[in-house]
Amino acid sequence: MLTFHFTGADIARVRMASRPDPMWELLLSLHLLKGDDGAVVFGPWKQQVRSRLAAGVPMLFDLAPPRGYSADFLTPSPSGEGLEAGLDALLSTPRPVLRRDTGRLAAARRPGTWTRSLAEGDLDTLHRLDRILRSYFAAALRPYWTRVRTAFTRDRELRVRAVADGGVEGMLAGLHPDLRWRSGLLTMASACDRDIRLGGRGLVLLPSFFCWRAPITLRDPGMPPVIVYPVAHDLGWAQPNAEPRDPRLALRTLLGRTRADLLAALTAGGGSTGELAQRLAVSPASVSQHTTALRDCGLIATRRRGPAVHHSATPLGEALVDGRPGIPSVRAG
């Protein structure tokens with residue numbers, strides 16, 4: 001049993017993640033893909049994804065086996081910054097953390113020999129891992145990201161209403177059957193007994209599409225505290241006739257190809273002008289032109305980070321990509 005100890009400051013600092021976390025979804029989808037769980041809900045998705053995986057993807061199962069410990073460095077601090085920020089954080093993992101996490105994996109099973117180079121922070125190995133993670137995300141998650149985001153938003157709205165009705169403690173009490181709230185303690189079923197004292201750090205609650213059955217958390221007590229828990233799923237969400245369309249297709253008629261592709265890319269995670277230029281294979285000047293137009297329409301937001309600027313989709317931009325009903329009118333100029 002894991003026991004989270006809350007102070008009054010921790011209750012005040014409980015927050016819901018604002019967007020799905022691509023790194024957590026990536027990790028948890030690997031668990032499902034390799035294992036036998038969730039056949040009814042995820043069976044069609046598994047069949048579709050297994051047919052198009054790249055050759056290097058099996059390496060990822062050395063770091064994320066379907067049972068037991070998975071490397072904590074695969075899931076940096078949860079945020080709404082998207083895939084690029086998550087991969088940047090992974091590539092910046094300190095060598096002692098790489099050694100610790102790969103050592104924990106080796107204590108339970110024999111991982112591939114390539115993890116020895118990873119444990120030493122070898123740059124070629126880290127960049128290879130980065131390429132494989134991107135390839136896996138493109139094959140297994142990106143085609144379904146609209147459904148991931150829709151389910152996330154639905155659950156998040158449910159929790160916000162629970163806070164409005166019963167406060168944070170009332171929301172925690174009804175979060176999941178495997179979580180129990182009582183007098184400042186939140187307990188979670190686990191194979192080990194451990195006390196996690198939040199000590200004023202608060203707690204991030206992260207609804208997850210590919211989390212299955214039970215909530216999970218990080219093993220490393222030094223990382224920001226997070227509980228990842230499963231959302232409700234619609235049966236048949238991944239049947240071939242229900243597979244979501246590429247969100248860019250309809251937008252291209254409305255916005256033009258490059259502008260539509262840029263907006264769709266930003267709904268899966270923000271990025272700088274240079275990063276977006278690389279992802280879309282266009283010039284930075286072209287990205288700047290299109291981001292200005294999208295920002296003027298309220299579809300993206302831009303903020304400066306040191307010498308660079310960072311772009312991200314607004315809720316309105318996400319709704320437009322998703323084709324959700326009730327989108328307010330957009331006026332430019």
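T302 stands opposite H311 in strand β10, within a pairing of β9 (residues 300–305) and β10 (residues 308–313) that is antiparallel and runs over 6 bridges. Here strands are DSSP runs of E with at least two residues, helices are runs of H or I with at least four, both numbered from the N terminus, and two strands pair if DSSP finds at least two bridges between them. This is a predicted model, in which local features need pLDDT of at least 70 and side-chain atom pairs count only at pLDDT 80 or more, while totals for chains, interfaces and linings use all residues. Residues are numbered from 1 along each chain as its sequence is written, and side-chain values use heavy atoms, with hydrogens and water left out.

**Strands and sheet**

- In the hairpin of β9 and β10, which has 2 residues between the strands, G306 takes a positive phi near 65 degrees.
- An open sheet of 4 strands has the order β3-β4-β1-β5, with mixed pairing; because β3 (179–182) and β5 (194–197) stand at the edges with a single partner strand each, one side of each is left without a neighbour in the sheet.
- β3 pairs with β4 (residues 185–188) in the antiparallel sense over 4 bridges, and the bridge partner of L179 in β4 is M188.

**Cavities and pocket**

- The structure holds 2 cavities of 30 Å³ or more, a cavity being a set of points, on a 1 Å grid over the protein atoms alone, where a 1.4 Å probe fits but cannot get out.
- The largest cavity has about 80 Å³ of space, and its lining, which includes F4, R194 and V226, divides into 8 nonpolar, 1 polar and 3 charged residues.
- The largest pocket, with a volume of about 1000 Å³, is an open set with protein on both sides within 12 Å along at least five of seven lines, and lining residues have an atom within 4 Å of a point.
- Of the 34 residues that line the largest pocket, H31, G68, Y69, P215 and I216 are the closest to its centre, and helix α2 (residues 22–34) gives the largest share of the lining, 5 residues.

**Confidence**

- The mean pLDDT of the chain is 85, and 91% of its residues reach 70 or more, where pLDDT is the predictor's confidence in each residue, from 0 to 100.
- Where pLDDT is low, the predicted coordinates should not be read in detail.

Methods. Points joined across faces, edges and corners; volume = space filled by probe spheres on them. Nonpolar A, V, L, I, M, F, W, Y, C, P; charged D, E, K, R; others polar.
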